[in-house]
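Colleague: I am new to this structure and would like to learn how to read its features. Please show me the model and take me through a few of them.

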Amino acid sequence: MFSASGSQRGSRGTSFSEILMKGHPSRPADSHSHPSTLNSPTKDQLDHQGKRTFKRGYSSKPPASPQILIDKYTQGELDAVSLVHQLSSILEFHLEMKETVTTGNQLGLYFAFCVVIDGVEYTTGMGITKKEARQKAAQLALLDFLPTLKSPKSSLPEASDVPPPLPVKEKPSISDMHHSRATHERTCSVNLQISNSVRDQLTKLMNSHPEFSPCAGTTAAFIIQTSSGCEVVALGTGNFNTKESASKSGRIMHDSHALVNARRSLMRFLYRHLLMFFSKTANLTEKSVFEQSSGTSGLLSLKSGITLHLYVNQLPKGAAQIPSQMRLNPLSISAWQVNNEISLHLSVEGKVFSVFSSTFDHSASKVVSMSATDKLTQWQVLGYQGALLSHFIEPVYVQSILVGDVGCGDIRGMKISVSQRVEGVTPQLPMFYCMMRPHISLVPAVATNTADGCQLTHAINWSEGDSSLEVVDGLEGRTIEQSPFKSGPSLASRLCKAAMLHRFKLLAKEAQRQDLLATSSYREAKRMAKPYQEAKNVLRAYLLQQGFGPWLEKHSVSDNFNM
């Protein structure tokens with residue numbers, strides 16, 4: 001499906017102070033790639049090494065010839081990791097030993113690393129220990145890299161008694177500057193295509209139903225990008241949780257925030273295309289966005305060349321809305337305030353509270369859910385497909401998140417909450433799951449926030465293929481009478497759990513999965529997705545361990561229903 005390399009980071013969890021200092025604008029930005037050594041040197045060591053290098057030409061033993069090192073490696077006198085590090089020093093290329101996600105259908109716990117030389121990633125190596133995985137990655141990289149050194153244009157430099165020239169800071173070449181500018185322009189062009197596609201689809205929907213246009217300010221949308229362009233496949237608006245009690249029938253929408261509605265609309269899109277894939281009609285199967293994944297897992301994945309993106313018109317509630325002026329400075333803010341801001345948050349009838357908040361009375365609330373930011377953090381690790389769909393497909397991740405600039409000039413909180421809070425979780429996750437670091441950008445908003453009066457509680461949802469949009473009252477958790485689409489007299493939303501279970505049963509029948517058809521409840525069907533549940537438990541334990549607080553446990557009654 002999507003390549004995980006270069007998107008997630010394998011570093012260990014960071015403290016609140018480290019996370020905030022990473023985002024401090026007055027400090028150098030945290031690098032997206034760190035030159036890897038087996039034991040990272042301290043600043044004093046680097047300074048000392050720098051002084052030694054300055055004198056090396058006259059007082060130090062010249063380095064061994066690259067060919068001598070390669071001969072030692074082929075004779076078994078030098079290991080692969082040592083060779084790539086020594087070659088990087090002699091040939092002066094940028095080396096990174098990056099921890100990544102395991103590939104293929106590997107059983108048990110494996111570590112995975114890949115070697116990156118001057119930005120080029122080589123084949124991932126795996127092992128039951130990190131040391132073994134690094135060695136394997138280095139061996140695989142050398143298989144491809146060493147032959148390039150033997151070409152006439154890449155003759156190996158020999159050691160010399162002549163003092164080396166003094167190191168100078170090399171200015172970026174004109175070609176490098178053009179490449180950097182071209183990359184930036186290409187990214188901006190793609191972002192513009194994505195935001196324009198959202199604006200066009202939103203305008204089309206609102207022109208058909210102008211009475212609901214005040215709801216557009218909270219828009220969230222998922223966009224699929226292919227070689228032919230960008231297409232919006234799911235869209236949602238909304239800003240509230242229901243005030244009703246937890247539903248025993250699965251027909252009440254507990255959370256109607258825009259991001260949640262858009263994601264559940266995306267799930268409807270995925271169900272539709274899975275039904276197309278499993279249909280007996282070759283034409284429909286070909287039109288599906290899915291294909292059989294390589295390996296023996298039996299799962300499907302998005303076709304090669306398809307990437308998924310997310311647009312949000314405003315920052316989601318929760319830790320993403322961390323104040324831009326927040327600094328880890330004893331004179332400006334206390335530690336407990338920092339903890340509250342970047343911790344997990346609870347959402348109650350449109351309001352959010354830190355899980356550490358003493359002002360939140362859980363017993364007085366009927367329905368409580370995690371904040372939209374925390375759900376976004378979870379989806380970037382578990383995938384946007386959810387537990388039920390993970391019976392059929394590999395995790396689905398978004399490659400980029402675009403944030404509209406309505407009342408927002410800083411996306412630092414978004415980067416902290418979505419990526420930095422869960423850095424280091426990937427090695428603990430089961431096969432196919434990883435912390436997928438998205439590219440997060442600020443773009444012009446596609447709509448202004450003008451909602452007022454009763455429409456403030458309205459939430460819209462739409463998915464590619466729908467003939468009309470559906471409007472739900474967020475506080476009631478049901479479709480309103482004036483909604484262009486209504487599923488029936490009960491006014492249950494097409495996004496509710498009962499509707500999702502119905503689609504799941506249809507898909508299980510088409511895929512001839514008798515084990516899934518035999519499930520007795522929505523809850524059981526979710527629990528049977530063992531790898532997904534394992535990944536979820538690992539993630540929540542990791543967040544708790546890192547000090548971000550406990551994840552809210554759902555009432556079992558809300559999932560314990562059948563069709």
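Colleague: At what angle do helix H3 and H4 pack, and how far apart are their axes?

Modeller: First, the ground rules. This is a predicted model, in which local features need pLDDT of at least 70 and side-chain atom pairs count only at pLDDT 80 or more, while totals for chains, interfaces and linings use all residues. Residues are numbered from 1 along each chain as its sequence is written, and side-chain values use heavy atoms, with hydrogens and water left out.

Modeller: Two packed helices are described by the angle between their axes and the distance between the axes. Axes are lines fitted to C-alpha atoms, for helices over the stretch in contact, and angles run from 0 to 180 degrees between N-to-C directions. Helix H3 (residues 66-74) and H4 pack at about 175°, and their axes are 10 Å apart. H3 and H4 are therefore roughly antiparallel (under 35 degrees is roughly parallel, over 145 roughly antiparallel, 65 to 115 roughly perpendicular, the rest oblique). Pro66, Leu69, Ile70 and Tyr73 of H3 make the contact with residues of H4 including Leu83 and Leu87; contact means heavy atoms within 4.5 Å.

Colleague: How are helices numbered, and how many helices and strands are there in the chain?

Modeller: Helices (H or I, at least four residues) and strands (E, at least two) are DSSP runs, numbered from the N terminus. The chain has 16 helices and 17 strands.

Colleague: At what angle do the axes of H4 and H5 cross?

Modeller: The axes of helix H4 (residues 80-91) and helix H5 (residues 130-149) cross at roughly 45° and come within 8 Å. That angle makes H4 oblique to H5. The crossing of H4 past H5 is left-handed (the near helix is turned anticlockwise from the far one by less than a right angle; right-handed if clockwise). Among the residues in this contact are Val84 of H4 and Ala138 of H5.

Colleague: Is Val115 buried or exposed?

Modeller: Val115 is buried, with a relative accessible area of 0%. Buried means under 20% relative accessible area, exposed over 50%, and partly exposed in between (1.4 Å probe, protein chains only). Val115 lies in strand S2 (residues 111-117). Leaving aside neighbours within four places in sequence, its contacts include Leu95, Ala137 and Ala138. Of the 563 residues of the chain, 51% count as buried.

Colleague: Which kind of aromatic pair do Phe278 and Phe392 form?

Modeller: A pair of aromatic rings is described by the distance of the centres and the angle of the planes. Rings of Phe, Tyr and Trp (its six-membered ring) pair if their centres lie within 6.5 Å; planes under 30 degrees apart count as stacked, over 60 as edge-to-face and the rest as tilted. The count by this rule is eight aromatic pairs. Phe278 and Phe392 are edge-to-face, at 6.5 Å centre to centre with 65° between the planes. This pair links distant parts of the chain, 114 residues apart, with Phe278 in helix H7 (residues 258-278). Phe278 is partly exposed at 21% relative accessibility, whereas Phe392 is buried at 3%. Phe277, Phe278, Phe392 and Phe504 form one aromatic cluster.

Colleague: Which charged end sits over the ring of Phe392?

Modeller: That of Arg513, 5.9 Å from the ring centre. The rule asks for NZ of Lys or CZ of Arg within 6 Å of the ring centre and within 35 degrees of the ring normal. Lys317 lies over the face of Phe240, also at 5.9 Å from the ring centre.
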